[in-house]
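Subject: The structure I promised you

Hi,

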Amino acid sequence: MKRWMIAALLIALPASAQAMSVAQFLAKANALKAKGFLAIGSPDIKLLRAEVQSVADAYRADLTAARKAGRTPHSCPPPKGKATLGAKEVMAEFNAIPPAKRGMSVKTAFYAMMMKRYPCR
């Protein structure tokens, strides 16, 4: 009985509670791209947007926490809303990751991208 309850709990966890890999992200994004206009109703669009939003929110929170603690932040992007980073740039950065390394989480890839684009000087 306990195993059944644990399995049900794991299935019920929201997708954002589970780290998505870059490979999974790109597979879903490329599948949506292949569908073209028909992808509009796909729940994967919301899933991918939520994943990036969740990672971006965590990233900003980490920067704020580092600054409040008097530490140098991970990277130094422009203020929220001022960065010129769109979906095309994120996809280009993720696609530039060698296939053998795409098992890393979207969060890890996003942080690396931000450090590369906005180093603290």
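Among contacts between residues at least 6 apart in sequence, 61% join residues at least 24 apart; a contact here means heavy atoms within 4.5 Å. Before you go further, note that this is a predicted model, where local features need pLDDT of at least 70 and side-chain atom pairs count only at pLDDT 80 or more, while totals for chains, interfaces and linings use all residues. Residues are numbered from 1 along each chain as its sequence is written, and side-chain values use heavy atoms, with hydrogens and water left out.

The overall layout

The chain has five helices and zero strands, and its elements run α-α-α-α-α from the N terminus on. Helices (H or I, at least four residues) and strands (E, at least two) are DSSP runs, numbered from the N terminus. Of the 121 residues in the chain, 26% are buried. For burial, I use relative accessible area with a 1.4 Å probe and protein chains only: under 20% is buried, over 50% is exposed, and anything in between is partly exposed.

The largest pocket

What is the volume of the largest pocket? The value comes to about 780 Å³. Rolling a probe the size of a water molecule over the atoms shows where empty space is left. In detail, the search runs on a 1 Å grid over the protein atoms alone: a cavity is a set of points where a 1.4 Å probe fits but cannot get out, a pocket is an open set with protein on both sides within 12 Å along at least five of seven lines, and lining residues have an atom within 4 Å of a point. Grid points are joined across faces, edges and corners, and the volume is the space filled by probe spheres set on the points.

The largest pocket has 27 lining residues, and V52, L85, G86, A87 and V90 lie nearest its centre. Two or more lining residues come from each of α2 (22-35), α3 (43-68), α4 (87-95) and α5 (106-117). The largest share, nine residues, belongs to α3. By class, the lining has 15 nonpolar, five polar and seven charged residues. Ala, Val, Leu, Ile, Met, Phe, Trp, Tyr, Cys and Pro count as nonpolar, Asp, Glu, Lys and Arg as charged, and the others, Gly among them, as polar.

How α4 and α5 pack

Two packed helices are described by the angle between their axes and the distance between the axes. For α4 and α5, the angle is about 105° and the axes are 10 Å apart. Axes are lines fitted to C-alpha atoms, for helices over the stretch in contact, and angles run from 0 to 180 degrees between N-to-C directions. So α4 and α5 are roughly perpendicular to each other; that label covers 65 to 115 degrees, with under 35 roughly parallel, over 145 roughly antiparallel and the rest oblique.

Which residues meet there? E89, V90, E93 and F94 in α4 meet V106, A109, F110, M113, K116 and R117 in α5. That contact has six nonpolar, no polar and four charged residues.

E89 sits in helix α4 and is partly exposed, at 29% relative accessible area. Leaving aside neighbours within four places in sequence, E89 touches T84 and R117. The C-alpha atoms of E89 and M113, 24 residues apart along the chain, are separated by 9.8 Å.

- L32, in helix α2, is buried at 11% relative accessible area. Beyond four places in sequence, L32 is in contact with A39, S42, D44, I45 and L48.
- S21 lies in the loop between α1 (2-12) and α2. Is S21 buried or exposed? At 11% relative accessibility, S21 counts as buried. Leaving aside neighbours within four places in sequence, S21 contacts R102, G103, M104, S105 and V106.
- K101 is in the loop between α4 and α5 and counts as exposed at 54%. The C-alpha atoms of K101 and A23 are 78 residues apart along the chain and separated by 8.6 Å.
- T72, in the loop between α3 and α4, is exposed at 65%. Not counting residues up to four places away in sequence, T72 touches A66 and C120.

Cheers
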